[in-house]
Amino acid sequence: MTMSPLAETARRTPLTTFFALAFALTWALLPLARASIAVSLLALFGPAAAAVITTVLMGGRDWHDLRDRCRA
Amino acid sequence: MTCATDAERERFSARWYLLAVLLPLPISALAGGLESLWGAPGPTERQPISTLGIVVFVLVLGEEIGWRGFALPHLLTRSGPWIASFILGTLWALWHLPLFFIAAIPQFGKPVSALRRLHHRPVHHPDVSGPA
């Protein structure tokens, strides 16, 4: 099975992928923050979304680690 | 939400918990004092506790899934806790930087508040390692 370029990048460089996604997801929403406070609140989920996306792209191998480290 | 495993919790000594709880107080006092010197309104005058504030607090905790839940363990696999914390703290601060320049966001116009962020990253027990 061939991996997508993004998945391959995530497996090779998970940290770079995570930080790139965290910055991109959040900063992309910031210009819209003036429109609604809801948008700026949504932007705060950038790092969490980046962690989930990167973990999924990596094939989910760290999913249990992520879940275990972040349980209430 | 703690973003730490049971093994990590057991390996933290009391002094690290004490440091994590108490260190933000003098740093926040310093930041608030400097802001007041520069003419900014006091923290309670500026941001009374509100439902929105509580919601924001909860959402900020959501950030930690990324920073502490994902990034820190991966950084710890390739460097020691101080270097890992420094790298993460630097990128974490950079991630927050635009918030100080957007009028619709609570951090706007509070440059010294960035000082408060300094307490946020560097405390990590030296014995705690990342995932295998």
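Where is the place of R67(A)? R67(A) sits in helix α5 of chain A, where helices are DSSP runs of H or I with at least four residues, strands are runs of E with at least two, and both are numbered from the N terminus. R67(A) is exposed because 12 other C-beta atoms lie within 10 Å; the classes are buried for 20 or more other C-beta atoms within 10 Å of a residue's own, exposed for 12 or fewer, and partly exposed in between, with C-beta atoms placed from the backbone. Between the C-alpha atoms of R67(A) and V52(A), which are 15 residues apart along the chain, the separation is 9.8 Å.

This is a predicted model, in which local features need pLDDT of at least 70 and side-chain atom pairs count only at pLDDT 80 or more, while totals for chains, interfaces and linings use all residues. Residues are numbered from 1 along each chain as its sequence is written, and chains are lettered from A and ligands numbered from 1 in the order in which they are written.

As for confidence, the model scores ipTM 0.84 and pTM 0.66. Chain A has a mean pLDDT (the predictor's confidence in each residue, from 0 to 100) of 83, with 92% of its residues at 70 or more. Within chain A, helix α5 (residues 63-69) has the lowest confidence, a mean of 73, and α2(A) the highest, at 94.

Helix α2 (residues 14-29) of chain A also takes part in a helix pair: its axis and that of helix α4 (residues 46-57) of chain A come within 8 Å and cross at roughly 140°. Axes here are lines fitted to C-alpha atoms, for helices over the stretch in contact, and angles run from 0 to 180 degrees between N-to-C directions. Residues of α2(A), including F18(A), L21(A) and L25(A), meet residues of α4(A), among them A50(A), I53(A) and L57(A), a contact being two C-beta atoms, placed from the backbone, within 7 Å.

Turning to chain B, the average pLDDT is 71, and 53% of the residues score at least 70. Confidence in chain B is highest in helix α6 (residues 81-96), at 91, and lowest in helix α7 (residues 113-116), at a mean of 53. Over residues 118-132 of chain B, pLDDT stays under 50; for this stretch the model has 33 contacts beyond four places in sequence. Chain B contains seven helices and zero strands. Of its 132 residues, 20% count as buried.
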